[in-house]
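Hi,

Here is the structure I said I would pass on.

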Amino acid sequence: MPPSELLLQAVAELSARSGHVFHISPEPVPGTSLFVVHTENHEYRPEYTITSGPLGFRVPFNLPTAAPEDSFFIAAVDAKLRVPDPVRNSADLNRVGRAEGHVSGSRLGNASVLVFSWHLWNTVPWDRRKHTLFDHYTHSIRRFERAEHD
Amino acid sequence: MHSQSVSLITSRLGDETHIAADADTWREVCTKLTAAAPDEACCFLLTRPSRGITRTTVILREIIWPKPGDVQATPGSLELSADYISRAIDAAIDAGAMVGLCLVHTHPKSEKFGEGIARFSSRDDWYENRLFPTITLDRPGAISASVVIGSAGDVDARIWWRERGECVTQDVQAIRAVGPELTIIETPSSPWKDHPDPAVMDRSTRLWGGEGRRRLQNLRIGIAGAGGTGSLTIFGLATMGVGKLLVWDKDIAKKQNRHRTAGITSDQIGKPKVTAMKVMAESVATAEPFIIEVYEDWATTAEALTRLKDCDLIFCCIDNFAARVPLNDLAYAHLIPTIDMASWVHADRNQQIDALMTHAHVWSPGIPCAWCRETISSHILMREAQGTQRGIEDRIPYGLPLEETDGVEPSVLPLNMLGVSLALIEFMQVALKITTRTPNDLKFFLPEWELDESDRPARQACDCILNVAMGDTLVINPVMME
């Protein structure tokens, strides 16, 4: 099942508005109806030991009727904080988990990724008639501005 | 001076033609126009097309009432001012290329003419043959219409459109007024026939009368899905005397379906489910004639969504949320009442049932839709799309294992039967008006052991209010399922 014309348009619009070239996987991730949307070289948080690389998220085949998955990923599984977070006393990134097979079928192949649980659409529910992938993207990268122990 | 007969140029847009309006709009038009009796009265409405495979429906939406002085009326005549006609045409043009106009007028009872008969007079022919070439000029995407209402509430109607440079017309067979209930008013061109042997339906006819029996015999009902609930729905409708069924399902009958699906006999294993449904339905059908068309495909493809516009009523018997989105839209935009049903069982790790639900929900103007009821939401659709990775965002940050599941919940015949029974009771109300009110959504659930009706109101500015009667001007995206 290739991505719909609507989905391709949404990704094109995201690229145009974000200034980053986003790609969409040709098929859904096996076992799901989610396509991987990612850009190859996006800046991360400067406090990370890896400061740039792939960044993306997964979107249902029926976006925008269905909301995007409530998370995003970076393909930098070894990334840590340069200075440990004093509250958690840890150099691990907060609320982040390593996932295998998360981006299968995309240009990233079977690379492991770090998934950020962000719950960005909990307080402001996704509105299929109003929100776009660009809104999802801006919500996602706001994670890089928050304290690591939020 | 206007009584000379004219020959209208007739053509065909489809085997069947209907006019449809949401019930409130139709009631308002009828009430206000008939109140002018013994004078005739009229108004324009904006129209939108709803093009199926065999049926073309012209949907009425916004009413454009005449202003004082716009219409000169007597018990036997109407004169419309040029200003009123221009205002109506401008409104149609402003509303989009597919928007046309319908002229509705009355033939009231009067001392001079007696009962008002709902037939277009030669004067009507003469007048409309001058009016509609102007209304349809340079508007090839729009279909217009005219309706005459008699003093007994009877109707006649026809549609008008532009074809190869000429304004042509076709008779309309029925007007559907659609709200919580479905009212079908036959015109003199109606092809409906009564059951040839009504005595065989005596016990049912005692509930819904001869008119109800005639309606069942002639309704065309679409059934999306022929699984646990769909098969029982097909069995029920065929047994009750519905004359025309259209069924969609792409699945092949498996031995695992037999314990909860009606009609899948051992010799049907390996064949399309819809083939088994056709055999079963034809063996129990009581309508005469009985026609069942089956389609080995999903009901949400572009072709199926077009064919569903031929239906008077739809049963949504599918087991996923994504496919409910276009069917929900279709119900409101194309004025086709749809009865959605679903059963759901959740068992804990010890295989003890901790939650169980079955419900039947009418989607039709005046009743909150699946989005209002939260049967579907953007979040639910996203979770469904996650498939075997459902809930990953909740588990992975905490290092919890991603529990693999095939996403298939338990399903049992009694629960499906209960859901279908609720749906068929709602069907009797929507199609046959067995009582005074259509329930919104009937739900049975555990652990409460309760049968309840949802009292959720429609959400503000929901599509089930904004998109009512939008017809083909609303884009409905097909859903292609694996």
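**What I found**

Leu335(B) has 0% relative accessibility, so it counts as buried (buried means under 20% relative accessible area, exposed over 50%, partly exposed in between, with a 1.4 Å probe and protein chains only). Before the rest, some housekeeping: this is a predicted model, where local features need pLDDT of at least 70 and side-chain atom pairs count only at pLDDT 80 or more, while totals for chains, interfaces and linings use all residues. Residues are numbered from 1 along each chain as its sequence is written, chains are lettered from A and ligands numbered from 1 in the order in which they are written, and side-chain values use heavy atoms, with hydrogens and water left out.

Back to Leu335(B): its phi is near 60°, a positive value in a residue other than glycine. You'll find Leu335(B) in the loop between α8 (324-333) and β16 (338-347) of chain B. (Helices, H or I with at least four residues, and strands, E with at least two, are DSSP runs numbered from the N terminus.) Asp138(B) also has a positive phi, near 60°, and sits in the loop between α3 (122-136) and β7 (144-150) of chain B. Is Asp138(B) buried or exposed? At 68% relative accessibility, Asp138(B) counts as exposed.

Chain B has some cis peptide bonds to look at too. One runs from Ala37(B) to Pro38(B), with omega near 10°, and Pro38(B) is in the loop between α1 (23-34) and β2 (42-51). Another runs from Leu446(B) to Pro447(B), again with omega near 10°; Pro447(B) lies in the loop between β18 (441-446) and β19 (450-453). For background, most residues other than glycine have a negative phi, and most peptide bonds are trans.

Now over to chain A. Strand β6 (residues 113-117) has 5 of its 5 residues buried, so it is largely enclosed by the rest of the structure. Val113(A), Val115(A) and Ser117(A) are buried on one side of β6(A), and Leu114(A) and Phe116(A) on the other. In a regular strand the side chains alternate between the two faces of the sheet. β6(A) pairs in the antiparallel sense with β4(A) (residues 71-74) over 4 bridges, and with β5(A) (residues 96-99), also antiparallel, over 4 bridges; strands pair if DSSP finds at least two bridges between them. Leu114(A) is the bridge partner of Ile74(A), and Arg98(A) stands opposite Leu114(A) as well.

Where do the chains meet? The contact (heavy atoms within 4.5 Å) takes 25 residues from chain B and 33 residues from chain A. There are 2 salt bridges between the chains, a salt bridge being a side-chain nitrogen of Lys or Arg within 4 Å of a carboxyl oxygen of Asp or Glu. One of them joins Asp463(B) and Arg129(A) at 2.4 Å, N to O. On the chain B side, α10 (378-385), α11 (392-395) and α13 (463-466) each supply at least two residues, and α10(B) gives the most, with 4 residues.

Last, take a look at Glu69(A), in the loop between β3 (52-60) and β4 of chain A. Glu69(A) is at 0% relative accessibility and therefore counts as buried. Leaving aside neighbours within four places in sequence, Glu69(A) is in contact with residues of both chains, including His102(A), His136(A), Met382(B) and Glu393(B).

Cheers
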